[in-house]
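Dear colleague,

Please find below the structure that I am handing over to you.

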Amino acid sequence: MQKTAPPATYRVKSFGCQMNVYDGERMAELLSAQGMSAAPDGADADLVVLNTCHIREKAAEKVYSDIGRLRREDGSSPLIAVAGCVAQAEGEEIMARAPSVRVVVGPQAYHRLPEMIERARAGERATDTDMPANTKFDVLPPRRRAAASAFLTIQEGCNKFCTYCVVPYTRGAEISRPFNDLIDEARKLVENGAREITLLGQNVNAWRGEDAGGTVISFDDLIRSLDKIPELQRIRYTTSHPMDVTDGLIAAHGEVTKLMPYLHLPVQSGSDRMLKAMNRSHSVDSYLRLLERFRAARPDIALSGDFIVGFPGETEQDFEDTLRLVDAVGYAQAYSFKFSPRPGTPAADMDGAVTAAVMDERLQRLQAAINRDQLAFNKASEGRRCAVLVERNGRKPGQWLGKSPWLQSVHFEGESEIGAMVDVELVEAGPNSISAKRI
Ligand code: SAH
Ligand code: SF4
Ligand code: F3S
């Protein structure tokens, strides 16, 4: 392999969860700090980073079709780096299956991208899937740009080992970023235009830290500290785990005005038998009691969840219990997935596989129930007055898009700008967005 010219332009494509989006932004900032510039939309890039997701089979297979699509008409390829969770889980396989990939870098090692690109330019193929806890954050360049709504990873990894899930293997053990670093990064984001910060973690509410005086503090203390940053208007977080919900977090929803009335609390199934097989460490009942307490603290809170249908051994009765749970909660929004057996996870070897046809049918029924509730939630907001944080221009001239406190997509017309908080009345709701007028 000949030595190639240094890449002048890059593109980072992120798949999967918001944490990958955050990592993608930090990789882009790192590459920019090296003197490269982002390739304009649609233009060819010298370096392409595929920041991949391993959560379900379809997501993981996507990387190979994407690599294929990067081949240029003359047969050449850009310098391809595969990052993210597929890189972590299947680095060697990627190198073997896809000769055009020059760099494989895991989610905890991407601060080393520049030197790896150098090695790739010299003709080597570079792999780094080390998991040095927290070090990447110490060496990444400081945040330099921020959208009106910005992400901030505060916690990574997972110790829960749900039997279906790859995250404990691809992201490693739970680690919390230090309190001071987070306050600094939040301030930087706000200085650069962020008005809303979404705190990210696989189990964001497992975050633990020490304040300036060395006192051990938990997730809700962090929220209360961020609340004191003057120009910051809104705080959100995702994803939280039922097991790590504390009294303090529930109370914060009633007390911290910048904390938005929205809670994504995955449950996965409405059957205790399935929850046990999934190693979820909560029951249907304990989950419902948690939600009730959140609703008592913040009556208008919008609830969201994740569901898996077709977990091994799931019977029609188990599935109907899930539908019953959905009916009982009335989610404002929820995500549902067909079980995907992931290599190396205990559930991949469990008996009682549910057929593809049954999984399809259950997913459709579940999604119909979720869509029904989502529309009902949005319809119930018609006539409500609220603030919208403007995030971008709409498709029509003079149209603006933003989010309500309940994370609904809202569009309105008139004078405004990105980053503005605009008071509106919600007028007409559809399943996925709401039209509003300024007041
Ligand atoms: N850390 C988060 C979720 C991470 S993955 C949490 O625990 O809440 C996001 C969602 O993907 C999960 O909540 C689950 O619903 C789904 N998921 C994870 N592994 C899956 C698998 N093997 N098959 C299907 N869905 C899966
Ligand atoms: Fe996966 Fe469970 Fe950890 Fe969530 S809590 S990341 S579903 S193992
Ligand atoms: Fe996917 Fe990794 Fe996120 S597997 S969901 S990108 S933590």
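This is a predicted model: local features need pLDDT of at least 70, side-chain atom pairs count only at pLDDT 80 or more; totals for chains, interfaces and linings use all residues.

Ligand 1 is surrounded by 15 residues, the closest being Gln202, Pro266, Gln268, Asp306 and Ser340. Two of these names return in the polar contacts. The side chain of Asp306 places an N or O atom 2.6 Å from an oxygen atom of ligand 1. At Ser340 the backbone is involved instead, with a polar atom 2.8 Å from a nitrogen atom of the ligand. Tyr164 also takes part through its backbone, where an N or O atom lies 3.0 Å from a nitrogen atom of ligand 1.

Around ligand 3 stand Cys17, Asn20, Thr52, Cys53, His54, Ile55, Cys85, Arg171 and Gln202. Sorted by class, this shell comprises four nonpolar, four polar and one charged residues.

Turning to the helices, α8 spans residues 219–226 and α9 spans residues 247–255. Their axes come within 8 Å and cross at roughly 25 degrees. Because angles under 35 degrees count as roughly parallel, α8 and α9 are therefore roughly parallel to each other. The crossing of α8 past α9 is left-handed. On the α8 side, the contact is made by Phe219, Asp220, Ile223 and Arg224, which meet Gly248, Leu249, Ala251, Ala252 and Glu255 of α9. This contact contains five nonpolar, one polar and three charged residues.

With kind regards

Technical notes. Residues are numbered from 1 along each chain as its sequence is written. Chains are lettered from A and ligands numbered from 1 in the order in which they are written. Side-chain values use heavy atoms; hydrogens and water are left out. Axes are lines fitted to C-alpha atoms, for helices over the stretch in contact, and angles run from 0 to 180 degrees between N-to-C directions. Helices (H or I, at least four residues) and strands (E, at least two) are DSSP runs, numbered from the N terminus. Angles under 35 degrees count as roughly parallel, over 145 as roughly antiparallel, 65 to 115 as roughly perpendicular and the rest as oblique. A crossing is left-handed if the near helix is turned anticlockwise from the far one by less than a right angle, and right-handed if clockwise. Contact means heavy atoms within 4.5 Å. Ala, Val, Leu, Ile, Met, Phe, Trp, Tyr, Cys and Pro count as nonpolar, Asp, Glu, Lys and Arg as charged, and the others, Gly among them, as polar. A residue is near a molecule or strand if one of its heavy atoms lies within 4 Å of it. A polar contact is a pair of N or O atoms within 3.5 Å; within protein, one must be able to donate a hydrogen and the other to accept it, and residues adjacent in sequence count only if both atoms are side-chain atoms.
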